[in-house]
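Visitor: Could you take me through a few local features of this structure? I would like to begin with a single residue.

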Amino acid sequence: MPLLSLQNITKDFPGVRALSDVSLDVQAGEVHALVGENGAGKSTLIKIIAGVWTHGSYDGRMLLDGCEVSFHSVRESENSEIRIIHQELSLVNQMTVAENIFLGDEPRRLGCIDYTAMRRGAQQALATLHSSVRPDQRVAELTIGEQQIVEIAKALSKRARVLVLDEPTAALPEKDVENLLSLIRDLRAQGLGIVYISHKLNEVFDIADTVTVLRNGTRVSQYTREGFDARQIVRDMIGRSLETVFPELKPPQAQSLLLLDHVTLPHPDYPDKDILSDVSLSCSTGEVVGIAGLRGSGRTALLSLLFGVFKGAHRGQVRYGDAAYRPASPADAIRRGIALVTEDRKRYGLISTADVRENLCIASLRQFCTHGVIDHARTNAGCARYVEQLNIKTPSIEFPAQNLSGGNQQKVILGRFLMNQPKLLLLDDPTRGIDVGAKYEIYRFIHTLAQQGMGIIFVSSELPEVLGVCHKIVVLHSGKMRTEFGHGEKTEEEVLALAAGV
Amino acid sequence: MGSQIAKLWNALDKRVVFTLSLIAAIWIVFNILSGGYILRAENMANLFRQVTVVAVLACGMTLIIVSGHIDLSVGSALGMFGAVCAAMVTNLDIDPHFSVATVLLLGFAVGCVHGSLVHFFNIPAFVVTLGGLIAYRGVTQYVARQSIPIRVEWIKAIAQESVPHWFSIGLMVVVLAVLALSIVQTRKRHTRAQLEVNPVWIDVVKYLLTAGLIIAFIAVMLQGEGVPVQVVILLAVATIISLATRLTPFGHYVYAVGGNRQAAHYSGISIARNTIGIFGLMGFLSALAGIITVSELSSAAPDIGDLKELETIAACVIGGTSLMGGSGTIGMSVLGALIMASIKNGMSMMGIVAQMQKVILGSVLVIAVALDQWSRKARR
């Protein structure tokens with residue numbers, strides 16, 4: 001008998017059917033992966049399991065241990081020992097690890113919080129996860145990987161039978177991913193039923209016992225471990241075949257655009273520590289330069305330096321075009337034709353209160369002005385053009401940008417900077433957390449731009465895409481350049497070893 | 001026919017329509033309760049006089065709140081600038097034109113200082129302007145420790161006189177013509193850029209509705225003494241700032257900075273210039289409100305402008321400005337001020353005591369925001 005069984009679930013939103021007749025069984029001691037593009041219905045399904053969409057707001061049945069359950073609130077789902085770990089971490093940064101683990105369910109003595117019991121409980125929870133995090137550390141001091149562990153400890157501090165992880169590795173550096181996966185294997189061995197959602201198929205193949213593919217709210221296919229076939233699953237996810245995942249590369253032009261000559265970037269707070277040391281790098285017009293490196297390797301600092309947001313001075317020379325280059329602010333960098341698509345879309349990119357049009361043209365309003373007054377006919381036409389070119393799926397340019405899917409939000413931000421017609425485009429992990437189809441469109445777009453003569457620096461956490469998209473790849477580890485090589489000259493394993501500092 | 005009404009309904013700004021209907025309802029209810037007094041021409045002129053100071057301040061405050069800040073100093077600043085203006089004109093016998101211009105400039109400068117403290121020293125606007133609230137009240141009480149009379153006729157005229165009828169009618173004709181022209185121009189440009197435009201009849205109906213409101217307003221005012229000078233000033237201020245938010249990069253940046261400061265910075269927007277600019281504007285408007293207030297009273301007293309900062313914030317909030325930043329419009333804030341003034345005016349007409357009025361106004365504020373939140377949720 002399956003531990004958790006969803007039968008013929010159908011969920012409608014006004015105007016859209018989010019899930020249509022989806023059935024799913026999760027066994028105890030199984031990792032069941034749920035894959036699909038954004039908007040395929042994965043989140044809706046989880047919200048039904050979590051009791052966010054309450055019983056009665058959907059059709060179909062949910063069974064736990066063979067008994068039908070009907071959740072009328074998140075609390076009821078929790079009482080049934082179902083634990084959800086959402087994509088966005090929900091920890092209070094100012095509080096300690098122990099306080100976070102027991103938030104809302106603090107052990108009490110005489111009506112007051114029993115800190116001793118709390119610390120002991122947290123210690124135990126962390127120990128079972130083999131974590132070195134201390135209960136009295138503040139969450140703000142932890143790395144994202146450690147915070148993820150705390151989140152799991154929090155979920156498991158109460159008895160759990162079903163654990164749902166929604167894209168737990170989206171924000172994790174490579175080495176923490178491995179920790180997390182082995183932790184999940186442990187939990188599986190303890191008999192938990194685990195639902196695992198991820199865009200990263202290699203992880204899914206690594207850990208899952210069963211894979212269910214969703215597309216447009218329907219269950220397309222299901223595979224067990226023996227039957228995993230990457231190409232077939234990708235085909236199922238996007239509903240068409242990706243003949244070549246990466247578009248063909250055209251050779252770059254010869255004209256030099258950007259040159260970093262032995263650049264060293266001291267840490268603004270610890271002068272004896274270098275964020276980047278002795279990095280040399282060049283990018284010509286029409287060239288796509290990939291930077292492979294883990295989070296914390298200095299890759300984001302390198303882009304910050306080029307975009308004028310790095311606080312502190314650097315040594316060594318940076319030349320852009322045929323002059324020395326030292327931007328004072330993003331405004332300065334943008335004026336000189338440099339654009340940066342940032343890593344954290346929500347924090348540095350999207351203006352969530354504004355619509356698609358406003359988000360697209362906010363960085364280039366001046367070019368739509370006559371005598372200081374914005375010509376809205378021109379902004380509208382300009383935005384409409386980019387919506388079409390980038391294939392942004394939005395009902396209209398007046399649609400609230402935060403209601404778009406992640407991939408389309410990213411395309412809006414890309415469009416924002418392309419409207420300035422930059423000469424050098426800096427992309428910091430632009431495909432993070434977006435679906436396969438949108439990724440492919442972004443790769444293709446990068447190549448179109450390169451052919452038009454734009455220089456592109458492409459930073460990514462995902463090695464296959466750096467290796468597939470770029471003319472030239474630089475590997476960074478702890479601020480040092482490990483190697484530089486051309487397209488197709490090294491395999492994924494070799495690069496991974498270099499990036500991990502082995 | 002039914003589908004055409006639905007189309008028209010979709011093309012209208014529902015919040016504005018709703019708020020205007022609400023104001024109409026308030027007037028009608030109070031008109032019945034007060035025995036037909038509130039809708040008389042002279043009371044209407046009075047009502048618009050009463051709304052001016054708060055509405056002028058609300059124009060600046062909207063931008064401040066949209067950009068994610070707050071300004072608590074405007075009431076005290078109003079008092080200080082009013083008192084300084086009165087002292088310059090009366091006690092020091094300085095040329096009135098020069099005095100008024102100096103006070104307005106001083107207002108702008110003080111506002112810029114607020115903005116700089118907020119931006120460069122990283123002090124929350126709440127703290128900077130709370131300091132201002134206390135300090136400027138002190139200045140006001142010192143400068144106007146004895147009430148300073150205003151004897152300059154043209155300064156008194158700002159709040160006490162009306163503009164000539166020919167001027168109101170001329171202005172109305174110009175506004176109606178400009179409005180029509182801008183609609184035609186927009187249609188032309190959008191067609192040229194191959195963008196969708198409303199069907200002609202929808203634009204015509206929208207224009208007629210707007211024109212109808214403007215004509216009705218002027219007609220009512222002309223039945224009495226005409227449009228008060230200060231109301232003309234308010235309309236000019238609100239129109240200019242409202243257009244600036246829609247038509248200039250500066251205005252758009254206010255919304256971008258309030259919506260996501262980091263994203264705005266990474267988009268090449270100068271946050272410093274923006275912050276200092278809006279606080280400068282707020283200071284300028286506080287000075288303007290101060291001059292209108294002393295003009296109204298023909299004198300400067302130690303307590304002028306007391307609590308106006310809270311009335312102003314309330315007007316913005318009733319108009320739907322989000323205290324989280326990023327959204328809110330000038331027009332709606334002015335209507336928010338008009339709602340508050342209408343209720344106050346109606347209650348006075350009914351003879352409700354001042355103490356009770358405060359209780360009711362406070363409740364209205366909270367209920368208005370509750371309704372707004374509820375309607376947002378319902379729309380989602």
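**Residues and helix contacts**

Guide: This is a predicted model. Asp278(A) is partly exposed, because its relative accessible area of 44% falls between the limits of 20% and 50%.

Visitor: Where does Asp278(A) lie?

Guide: Asp278(A) belongs to strand S14 of chain A, which covers residues 274–284.

Visitor: And what is its phi?

Guide: The phi of Asp278(A) is positive, at about 55°, although the residue is not a glycine.

Visitor: What about Ser298(B), what is its phi?

Guide: Ser298(B) has a positive phi near 60°, and this residue is also not a glycine. Ser298(B) is placed in the loop between helix H13 (271–297) and strand S2 (299–300) of chain B.

Visitor: Let us turn to helices. At what angle do H7 and H10 of chain B pack?

Guide: Helix H7 (residues 153–160) and helix H10 (residues 229–247) of chain B pack at an angle of about 75°, and their axes are 5 Å apart. H7(B) is therefore roughly perpendicular to H10(B), as angles from 65 to 115 degrees count as such.

Visitor: Which residues make the contact?

Guide: H7(B) contributes Ala157(B), Ile158(B) and Ala159(B), while H10(B) contributes Val229(B), Gln230(B) and Ile233(B). By class, five of these residues are nonpolar, one is polar and none is charged.

Visitor: Staying with H10, is Ala238(B) buried or exposed?

Guide: Ala238(B), a residue of helix H10 of chain B, is buried, because its relative accessible area of 14% is under 20%.

Visitor: What does Ala238(B) touch?

Guide: Leaving aside residues up to four places away in sequence, Ala238(B) touches Cys59(B), Ile330(B) and Val334(B). Ala238(B) and Ile330(B) are 92 residues apart in sequence, and their C-alpha atoms are 6.7 Å apart in space.

Visitor: One more pair, please. How do H4 and H14 of chain B cross?

Guide: Helix H4 (residues 74–91) and helix H14 (residues 308–318) of chain B cross at roughly 130°, and their axes come within 6 Å. H4(B) is therefore oblique to H14(B).

Visitor: Which residues are involved there, and of what class?

Guide: Val74(B), Gly75(B), Ser76(B) and Leu78(B) of H4(B) meet Lys308(B), Glu309(B) and Thr312(B) of H14(B). The contact has two nonpolar, three polar and two charged residues.

How values were computed: Residues numbered from 1 in each chain as written. Chains lettered and ligands numbered in written order. Predicted model: local features only at pLDDT ≥ 70, side-chain atom pairs only at ≥ 80, totals over all residues. Heavy atoms only, no water. Axes fitted to C-alpha atoms, helices over the stretch in contact; angles between N-to-C directions. Helix = DSSP H or I, 4+ residues; strand = E, 2+ residues; numbered from the N terminus. Parallel < 35°, antiparallel > 145°, perpendicular 65-115°, else oblique. Contact = heavy atoms within 4.5 Å. Nonpolar A, V, L, I, M, F, W, Y, C, P; charged D, E, K, R; others polar. Buried < 20%, exposed > 50% of the residue type's maximum accessible area, 1.4 Å probe, protein only.
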